[in-house]
Amino acid sequence: MSLFAARDIAIQFGGIKAVDAVTFDVNEGEVFSIIGPNGAGKTTIFNLISRIYSPTSGELIFKDQNITKVPPHDIAALGIARTFQNIELFAQATLLQNLLIGRHCHVNTGLLSQLCFMPSNRKAELEHREKVEDVIAFLDLQRYRDTLIANLPYGVRKVVELGRALCIEPKLLLLDEPSSGLNVEETEGMAFWIEDIKKDLGITVIMVEHDMKLVSAVSDRVMALNYGRVIALGTPGEVQTHPEVVRAYIGGEA
Amino acid sequence: MHQSLKTSYTQDISLLAHRGSVLWYGFLVAVLLVIPGVMGEFYVNELGGVYIFAIAGVGLMLLTGYTGLVNLGQGAFLGIGAYTNSVLMTKGVPFVITLPLSGVAAALAGVALGVPTLRMTGFYLAIATLAFGSIVGTIFQKWTSVTGGFDGFAVPTPTILGYPIEGANGVYYLSLFVLIFVLWLSVNILRSPIGRAMVAIRDSEVSAQSMGINLSLYKTISFAISSGITGLAGALFGHYVRFLAPDSFDILLSIQFVTIIFVGGLGSLHGAIFGAMFVRLLPQVIAIVRDDLPFGIGRMPGLEPSLFGLILVLVILFEPAGIYGRWLKLKAYFRNFPLHRRSSMRRQKVYARSERLR
């Protein structure tokens with residue numbers, strides 16, 4: 001059954017069609033990768049799904065609900081979490097605070113209860129903390145718990161961003177280049193975590209990625225884009241050998 | 001070397017960090033309570049002024065230091081609080097009602113400023129708030145039927161449960177009480193989801209939004225809380241100066257508030273307190289040394305504002321973390337004493353960034 005579907009979505013910036021009539025389905029429980037050369041429109045699709053951009057035309061459907069008009073701050077509560085290509089963490093806050101912000105869509109204590117720090121707020125805070133500690137344990141981040149993000153190395157920040165997205169307890173996780181800037185070892189670690197997220201937590205993943213080794217290791221299906229259009233969709237093996245894909249990456253006649 | 005061992009999650013959300021701080025803050029409050037008994041009226045009066053500015057500083061700190069929104073019109077909220085309180089009191093409304101009302105009035109004015117400026121950041125927000133400040137200042141001057149215009153009016157003496165709050169001591173205790181209340185409120189905010197949402201908006205709007213934070217809502221809440229707290233300070237300010245005239249609430253006052261949070265240290269409540277001490281006590285120091293300065297510098301008009309400006313610039317250039325940041329560095333230096341490394345004090349990114357694609 002498809003968890004998420006994009007129907008003919010398109011977005012235009014001035015005269016440039018960044019995404020042009022793209023249609024795809026993502027099945028529940030799979031890892032779906034989007035590949036393509038620079039400027040192919042991969043991150044734009046993520047920004048469309050998380051509603052930072054509004055599509056010029058087309059529809060986005062999540063769990064049989066049209067989310068094309070949902071405001072961007074309600075996307076998390078629906079169960080869609082994302083990470084960013086260039087890491088958008090809250091740099092002057094501790095790791096713990098960052099993950100707690102990930103719990104924001106589950107906050108239901110009133111303003112007055114928070115201002116006076118009433119027992120109901122204390123109880124809710126402790127519950128959020130328990131959930132956050134589960135994620136910290138899952139990603140092995142215990143020793144950085146009280147460190148400012150600004151003082152953490154790049155590789156760890158990448159994992160923290162993954163953790164913050166997991167704190168939303170999403171159904172669908174959007175990973176924007178999870179391995180960019182990571183070394184070989186860290187990339188392998190990331191592959192294991194994506195596997196665990198899929199198998200143990202049962203979260204469906206859409207991933208934008210350039211590292212083909214990571215893509216073929218974890219993806220169930222791959223979609224290749226070029227100039228905002230879908231040029232191939234299928235298993236990692238099929239897409240990698242697809243003549244259009246080879247031409248988009250290497251050039252020449254095909 | 002002190003290292004607090006955490007054994008439960010409640011320690012991270014308790015009001016004070018550890019048992020040692022309970023002791024120290026208790027000691028501090030005890031000292032502040034006996035000060036009027038041992039010090040002269042002049043000092044008690046000055047300290048009352050420090051508390052009032054500290055309250056307003058905490059208000060602005062929540063907005064600028066934690067939510068990352070600049071406000072160059074904070075003096076207007078102080079004025080709104082002061083006039084609301086004093087005008088209602090001259091109409092016979094008791095002080096216990098006018099004090100909270102002045103906070104509410106200023107909070108509503110904050111929402112009125114916050115909503116139209118929701119999409120503004122950086123320079124644009126600075127200009128808009130500056131304009132707001134000068135508009136409100138003009139209203140104080142021209143709305144003579146309520147404010148009395150330039151003639152001003154004497155602020156009545158407040159009474160709580162029949163006891164009059166009189167003189168320097170009265171204002172001192174009242175301001176101290178309100179300051180402690182406001183600090184308690186602010187600590188609650190900062191350890192709750194609202195406070196985290198504010199920090200999230202400051203550090204990255206785009207990911208705050210993706211975490212489910214409604215930017216418009218939380219920016220408006222932040223404006224309301226910040227200006228509400230400043231309105232409370234305004235009510236007290238009226239009783240502190242005892243005579244309200246519109247020229248107390250000019251742009252210079254707003255610049256003083258900005259100086260408080262920058263010199264004190266952006267992004268910490270301690271900073272607001274240190275900054276208020278600095279801003280209120282510097283003019284006294286100038287007054288003491290004024291006559292001994294060479295070349296007639298002491299008689300130059302505008303000495304005080306230009307000194308404030310100079311210090312603000314120097315702090316931003318050389319110690320962006322402010323007095324509180326310097327204090328933390330000093331503490332770290334002694335804590336690690338022989339093992340101190342220069343690099344551990346390396347300059348960090350500051351909170352108030354310039355324009356950036358968000």
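Strand β1 of chain A, residues 2-13, contains D8(A). In this predicted model, D8(A) has a positive phi of about 55°, although it is not a glycine. The model as a whole scores ipTM 0.90 and pTM 0.89.

**Backbone angles**

- Most residues other than glycine have a negative phi, and most peptide bonds are trans.
- D8(A) is exposed, because 12 other C-beta atoms lie within 10 Å.
- R242(B) is not a glycine either, yet its phi is positive, at about 65°. This residue is found in the loop of chain B between α10 and β4 (243-244).
- R242(B) counts as exposed, because it has 12 C-beta neighbours inside 10 Å.
- A positive phi, near 65°, is also present at R51(A), which follows α1(A).

**Helix α1 of chain A**

- The buried residues of α1(A) are K42(A), T44(A), I45(A), F46(A), N47(A), L48(A) and I49(A).

**Nonpolar core**

- The largest nonpolar core comprises 157 residues, and those with the most contacts inside it are V205(A), A54(B), I55(B) and L236(B).
- Helix α2 of chain B (residues 41-66) contributes the largest share of this core, with 15 residues.
- Apart from neighbours within four places in sequence, A54(B) is in contact with L179(B), A272(B), I273(B) and A276(B).

**Helix packing in chain B**

- Two packed helices are described by the angle between their axes and the distance between the axes.
- The axes of α2(B) and helix α11 of chain B (residues 251-264) cross at roughly 75° and come within 9 Å. The angle therefore makes α2(B) roughly perpendicular to α11(B).
- On the α2(B) side, this contact is made by F53(B), A56(B), G57(B), L60(B), M61(B), T64(B) and G65(B), and on the α11(B) side by F257(B), I260(B), I261(B) and G264(B). By class, the residues of the contact are 7 nonpolar and 4 polar, with no charged.
- Helix α8 (residues 193-203) and helix α10 (residues 215-241) of chain B pack with their axes 10 Å apart, at an angle of about 110°. This makes α8(B) roughly perpendicular to α10(B).
- From α8(B), the residues making the contact are I194(B), A197(B), M198(B) and I201(B), while α10(B) provides L215(B), Y218(B), K219(B), I221(B) and S222(B). The contact between α8(B) and α10(B) consists of 7 nonpolar, 1 polar and 1 charged residues.

**Contact between the chains**

- On the chain B side, 28 residues are in contact with 31 residues of chain A.
- Helices α7 (167-190), α8 and α9 (205-210) of chain B each supply at least two residues of the side that touches chain A.
- The largest share of that side of chain B comes from α8(B), which provides 7 residues.
- The side of chain B that touches chain A divides into 14 nonpolar, 11 polar and 3 charged residues.

**Confidence**

- Chain B averages a pLDDT of 87, and 94% of its residues score at least 70.
- Over residues 350-358 of chain B, pLDDT stays under 50, and the model has 18 contacts beyond four places in sequence for this stretch.
- Where pLDDT is low, the predicted coordinates should not be read in detail.

Terms used:
Residues are numbered from 1 along each chain as its sequence is written. Chains are lettered from A and ligands numbered from 1 in the order in which they are written. This is a predicted model: local features need pLDDT of at least 70, side-chain atom pairs count only at pLDDT 80 or more; totals for chains, interfaces and linings use all residues. A nonpolar core is a set of buried Ala, Val, Leu, Ile, Met, Phe, Trp, Tyr and Cys residues joined through C-beta atoms within 7 Å. A residue is buried if 20 or more other C-beta atoms lie within 10 Å of its own, exposed if 12 or fewer, and partly exposed in between; C-beta atoms are placed from the backbone. Helices (H or I, at least four residues) and strands (E, at least two) are DSSP runs, numbered from the N terminus. Two residues are in contact if their C-beta atoms, placed from the backbone, lie within 7 Å. Axes are lines fitted to C-alpha atoms, for helices over the stretch in contact, and angles run from 0 to 180 degrees between N-to-C directions. Angles under 35 degrees count as roughly parallel, over 145 as roughly antiparallel, 65 to 115 as roughly perpendicular and the rest as oblique. Ala, Val, Leu, Ile, Met, Phe, Trp, Tyr, Cys and Pro count as nonpolar, Asp, Glu, Lys and Arg as charged, and the others, Gly among them, as polar. pLDDT is the predictor's confidence in each residue, from 0 to 100.
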